[in-house]
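Student: I am new to this structure and would like to learn how to read it. Could we go through some features one at a time?

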There are 2 protein chains.
Amino acid sequence: MTTTNPLLREADVDFLLYEVLEVERLCALPAFAEHGRDTFDLFIREARRLARDVLFPAYRAMDEAPPKLEEGSVRVHAKMRDIYPQLVALGLIAATRPADVGGQQMPLCVATFANAYLMAGNLSAFGYLGLTTGAGHLIEAFGDPALKELFLPALYEGRWTGTMALTEPHAGSSLADVSTVATPSEDGTYRIRGAKIFISGGDHDLTENIVHMTLARVEGAPAGIKGVSLFAVPKFRLERGALVDNDVAVAGAIHKIGWRGLPSLAMAYGDRGDCRGWLVGKEHRGISYMFQMMNEARLMVGLNGVATASVAYLESLDYARTRPQGRAAAARDPLSPQVPIIEHADVRRMLLRQKAIVEGGLTLIARAAMFADVAAHGADAEERARAQHLLDLLTPVAKSFPAEKGFESNALALQIHGGYGYSSEYLVEAWLRDQKLNSIHEGTTGIQSLDLLGRKVVAAQGLPLRLFRDEVEASCVRAEEAGVDRAWSEALRIAADRIAEATMTLGARGLSGDVDGMLLHSADYLEMFSIVVIAWAWMLQARAASGRDTDFHRGKMAAAQYWITTELPRVAHLAKLCVDGEDSYARVPPDAF
Amino acid sequence: MTTTNPLLREADVDFLLYEVLEVERLCALPAFAEHGRDTFDLFIREARRLARDVLFPAYRAMDEAPPKLEEGSVRVHAKMRDIYPQLVALGLIAATRPADVGGQQMPLCVATFANAYLMAGNLSAFGYLGLTTGAGHLIEAFGDPALKELFLPALYEGRWTGTMALTEPHAGSSLADVSTVATPSEDGTYRIRGAKIFISGGDHDLTENIVHMTLARVEGAPAGIKGVSLFAVPKFRLERGALVDNDVAVAGAIHKIGWRGLPSLAMAYGDRGDCRGWLVGKEHRGISYMFQMMNEARLMVGLNGVATASVAYLESLDYARTRPQGRAAAARDPLSPQVPIIEHADVRRMLLRQKAIVEGGLTLIARAAMFADVAAHGADAEERARAQHLLDLLTPVAKSFPAEKGFESNALALQIHGGYGYSSEYLVEAWLRDQKLNSIHEGTTGIQSLDLLGRKVVAAQGLPLRLFRDEVEASCVRAEEAGVDRAWSEALRIAADRIAEATMTLGARGLSGDVDGMLLHSADYLEMFSIVVIAWAWMLQARAASGRDTDFHRGKMAAAQYWITTELPRVAHLAKLCVDGEDSYARVPPDAF
């Protein structure tokens with residue numbers, strides 16, 4: 001019922017950027033030399049203002065009245081038509097891109113906070129931009145000059161929007177089974193024919209054109225992921241200076257349970273035989289290109305999760321401080337006034353758990369984004385490679401932790417509201433719906449767990465994991481120097497060691513040929529790993545908060561303590577499940593469920 | 001998309017009733033002497049038929065078009081008007097009540113399964129009946145003969161329905177703060193004035209009248225719960241043979257996110273000064289009466305949770321068996337056909353976890369209901385008291401476990417459906433919404449945790465907990481005799497011992513005056529206790545399934561193994577949190593969040 005939700009808090013943003021991450025260090029790199037705290041703050045402030053004043057007030061209306069599909073075209077909410085030009089005017093789409101393509105060379109780490117405000121204010125509204133950034137970045141990275149000229153300015157300036165058109169109805173997560181067909185044509189383009197599903201922003205009336213980054217298989221290509229190519233397929237193609245229909249039709253709308261301001265569509269390519277696609281990069285390399293952009297896309301999904309949990313956390317915090325109900329357990333005088341429910345221990349538990357998830361998740365994503373900044377712009381190849389390894393390793397956690405624990409966090413925000421939380425008169429239920437998508441899109445949590453255990457921790461002979469262990473150690477040492485309880489750092493070290501041991505055992509199992517046995521508990525492995533990563537995120541914050549005598553810093557220390565004492569001890573059991581290979585679901589026959 | 005969801009499976013119902021619980025033992029008691037497997041089966045079969053053929057097919061339509069509030073009156077979905085008389089015809093409302101008030105003296109344990117089918121088919125539709133049973137039972141138990149004559153036949157025959165009108169806008173869970181006023185009038189009735197909120201079924205057009213079981217405070221009553229009385233307040237009162245308006249008005253409708261076939265209303269009593277209530281039992285005893293009926297009501301909520309998780313589990317199981325996607329990790333030939341997703345380890349994990357929650361929860365509730373049957377009708381006072389203690393102890397777990405873990409289970413069912421699960425084209429999202437209410441109504445999970453630790457385990461010098469320990473031991477011995485792995489029974493014994501130890505420590509803390517310290521980790525205590533109770537429920541099933549060479553029994557053994565090896569080991573850490581009194585959320589100041 002409040003309209004004063006801050007979405008995120010300035011104090012937290014400043015603390016994380018300047019005291020925990022010390023982001024100004026990035027300005028020593030040539031790519032960011034023009035920047036400093038003043039430009040960072042200005043950039044974030046403008047996004048915050050728009051998020052609070054424009055996006056958030058439109059959220060409820062957009063959730064209640066999703067885009068309409070009429071005669072094959074999607075009409076978005078009227079408020080979205082008002083919002084879109086303002087979003088574009090922030091310069092967010094190309095903010096992190098180089099100056100020579102119209103960008104601001106803003107560190108991704110800083111853009112993360114600006115984006116987080118906008119996502120927390122209105123996930124769907126931001127979605128149009130995020131998708132366009134992703135599409136543009138693919139073309140910037142892998143397209144030839146002609147392709148860039150054709151599409152890039154329009155995308156980065158927000159005159160056109162972009163989509164990611166990967167999923168097909170029969171294949172879902174299995175991109176090896178993409179069957180959309182691309183037939184080379186004499187003019188260098190390809191004729192595209194096929195069907196896609198769950199295409200976010202696949203049609204709308206916000207811009208004059210939409211560019212679908214589409215996976216398809218060139219006729220005669222090898223089977224599997226090695227035969228999949230990437231195409232830019234516009235809704236309208238330019239012919240003699242005019243935009244003509246490119247035969248990409250809306251085949252139907254998905255009635256999503258959240259993100260209801262952003263349409264999700266089934267698309268039909270080439271039903272009339274007149275759909276042209278422009279090859280991005282080389283044939284058969286589409287999956288490889290997608291993989292190279294995947295970290296960024298997955299960090300964005302993780303940030304969706306954090307932002308959605310953040311706005312709900314702050315809503316429930318406000319409710320808990322202002323809603324009187326009941327009395328302390330020890331003071332049952334029925335004539336005494338009721339107390340705000342934040343006085344009840346279990347409500348405080350639910351709040352502190354949310355805080356630990358939200359602020360721990362935000363720290364992780366910002367830290368990962370900073371690794372991305374260094375991976376792209378670091379001073380030397382070694383520094384860049386190191387950062388890239390850490391980014392690769394942390395990405396599946398940064399993507400899945402906010403989705404999974406964010407969902408729990410959103411449910412706690414609802415629970416704190418009691419019966420009111422169960423009604424659409426309050427907003428907490430809407431954020432719970434929004435959140436659920438994040439465990440599904442851009443690789444389900446199950447896929448993240450396979451990526452982490454089957455690929456990331458065993459990459460480069462385990463180097464990324466050793467680098468992470470070094471990061472953990474460094475954070476523990478700095479925290480101890482700042483006066484953080486050594487019991488905390490010791491607990492974190494032990495947990496990190498347990499991961500290393502479990503990984504050695506599982507890696508050896510895989511090398512011996514038992515891949516199924518290695519991956520059987522990938523979900524438990526991901527959970528264990530995530531607990532430790534978030535404990536590390538809290539150690540980074542505890543170092544910066546330690547010994548400082550304000551409520552803000554006391555809150556940080558309490559959340560750090562909560563995570564380290566409540567969650568870290570679970571690592572031992574999870575490691576045991578992974579290593580023992582507990583086999584209940586491995587051996588139960590499908591007909592025995 | 002399927003319409004063939006079985007809701008629950010016959011094989012499981014038969015197994016639990018006749019092999020795990022051996023429910024026919026109850027027929028040795030005089031109250032159930034007329035019954036046997038034939039009457040039990042017939043009763044359940046009729047409910048199952050109606051649930052599958054009538055209730056479930058109407059579920060989606062009722063979810064999509066909730067009751068309408070028009071000019072102060074609620075109109076339910078047309079399908080509900082068709083369903084209601086058929087539900088009444090089953091004889092469910094008074095099924096468990098004595099023959100002399102029109103009941104069938106059916107054991108609650110047996111009725112549990114009939115109810116579960118109906119709840120799984122259409123939670124809201126069953127709600128009208130469940131509420132009416134509750135209201136009738138209150139009047140049967142505590143009303144004087146005149147009151148019974150006035151209301152009981154109409155309720156038990158389903159000609160009128162009942163509601164529970166406890167919650168008030170300013171008080172929520174804090175019943176001590178009920179402020180609806182009852183003023184004695186010369187004819188023996190009371191004038192009622194006040195406001196209630198979240199009244200399920202508070203108005204509708206299914207029956208000619210509705211009886212609101214209403215908590216109110218007689219003028220001049222003591223403050224707090226000791227001054228709250230219970231009244232039957234009908235929508236229409238009988239005057240000279242005619243039903244006249246009793247000044248109970250609908251003040252507004254809550255837009256619930258689930259249970260959308262059952263209206264939830266704000267009610268205004270006596271705005272015109274003409275609302276009459278009939279005192280139930282004695283003045284100032286209302287809370288005590290409610291408490292005496294609470295076990296039954298809370299078992300019903302737990303069963304709501306199990307049923308809602310059951311239908312979703314079976315839906316996701318069907319989807320997992322029929323949806324092809326991807327290939328085995330070890331067999332990546334892209335030309336091989338895709339496999340059903342049930343072949344993927346992580347999907348099997350999500351299915352087995354659901355199975356463990358659903359069937360473990362169902363066993364618990366049925367076992368608790370059987371204790372209720374013995375508590376009411378046992379052969380002697382000692383047997384009845386023993387069963388009552390166990391029922392009292394298990395009730396907070398039976399209420400909250402299906403709500404909390406059922407929500408997780410419902411989320412897994414959605415996750416298995418991937419992107420489709422995130423759409424309202426499939427039903428899994430609706431059950432997820434339905435489930436969330438169960439952690440809130442009839443005492444939030446937080447309140448259940450305080451009930452368990454602050455009241456139940458310390459009652460009668462710890463006797464209930466010792467009795468439970470005896471039950472655990474007996475189940476372990478029988479399981480071992482049946483050939484169940486002794487490692488399982490040993491793990492269960494150790495976990496039960498840990499609970500006993502933690503309870504001793506916490507109880508002593510409370511006795512020493514540190515009530516806040518005792519209750520600080522009530523949530524962790526409830527979770528720990530629930531893990532052990534469900535492990536016991538699986539031990540009961542493992543005993544009956546052990547050594548039997550069918551897929552059905554192998555599935556039971558796999559789920560038992562899963563719960564005992566995956567969940568039981570968590571008890572040690574949870575006990576430590578409770579005993580250590582980890583103090584992060586105890587000492588964080590409200591302004592530090």
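Student: Where does A:Ala460 lie?

Tutor: A:Ala460 is in the loop that runs between helix H12 (445-456) and helix H13 (463-481) of chain A. Keep in mind that this is a predicted model.

Student: What is phi of A:Ala460 near?

Tutor: Phi of A:Ala460 is near 45 degrees, a positive value in a residue that is not glycine.

Student: Is A:Ala460 partly exposed or buried?

Tutor: Burial is read here by counting C-beta atoms around a residue: 20 or more others within 10 Å make it buried, 12 or fewer make it exposed, and partly exposed is in between. A:Ala460 has 14 other C-beta atoms within 10 Å, so A:Ala460 is partly exposed.

Student: Which loop holds B:Arg240?

Tutor: B:Arg240 sits in the loop between strand S8 (236-239) and strand S9 (242-245) of chain B. B:Arg240 is not a glycine, yet its phi is positive, about 50 degrees. With 5 other C-beta atoms within 10 Å, B:Arg240 is exposed.

Student: Now a helix. How many residues of H4(B) are buried?

Tutor: In an α-helix there are 3.6 residues a turn, so residues three or four places apart point the same way. In this case, 14 of the 14 residues of H4(B) are buried, and the helix is mostly covered. Helix H4 (residues 108-121) of chain B reaches 19 Å from its first C-alpha to its last, close to the 20 Å expected at 1.5 Å a residue.

Student: Which residues touch the most other members of the largest nonpolar core?

Tutor: That core has 424 residues, and A:Ala535 and B:Ala535 touch the most other members. Setting aside neighbours within four places in sequence, the contacts of A:Ala535 include A:Leu492, A:Ala495, A:Trp563 and A:Leu568.

Student: Into which domains is chain A divided?

Tutor: Chain A has domain 1 (10-156), domain 2 (160-284) and domain 3 (446-585). The C-alpha centres of domain 1 and domain 3 of chain A lie 31 Å apart. Their contact takes four residues from domain 1 of chain A and four residues from domain 3 of chain A. On the domain 1 side, those residues are three nonpolar, no polar and one charged.

Student: How many residues of chain B are in contact with chain A?

Tutor: 78 residues of chain B are in contact with 78 residues of chain A. Helix H17 (residues 551-567) of chain B gives the largest share of chain B's side, nine residues. By class, the side of chain B that touches chain A has 37 nonpolar, 25 polar and 16 charged residues. 100% of the interface residues of chain B are also interface residues in chain A, so the copies meet through the same surface.

Student: Which residues of chain B does A:Thr566 touch?

Tutor: Not counting residues up to four places away in sequence, A:Thr566 touches B:Leu577 and B:Glu582. A:Thr566 belongs to helix H17 (residues 551-567) of chain A. A:Thr566 is buried, with 22 other C-beta atoms within 10 Å.

How values were computed:
Residues are numbered from 1 along each chain as its sequence is written. Chains are lettered from A and ligands numbered from 1 in the order in which they are written. This is a predicted model: local features need pLDDT of at least 70, side-chain atom pairs count only at pLDDT 80 or more; totals for chains, interfaces and linings use all residues. Two residues are in contact if their C-beta atoms, placed from the backbone, lie within 7 Å. Helices (H or I, at least four residues) and strands (E, at least two) are DSSP runs, numbered from the N terminus. Ala, Val, Leu, Ile, Met, Phe, Trp, Tyr, Cys and Pro count as nonpolar, Asp, Glu, Lys and Arg as charged, and the others, Gly among them, as polar. The expected span of a helix is 1.5 Å times one less than its number of residues. Domain bounds come from an automatic or database domain assignment. A nonpolar core is a set of buried Ala, Val, Leu, Ile, Met, Phe, Trp, Tyr and Cys residues joined through C-beta atoms within 7 Å.
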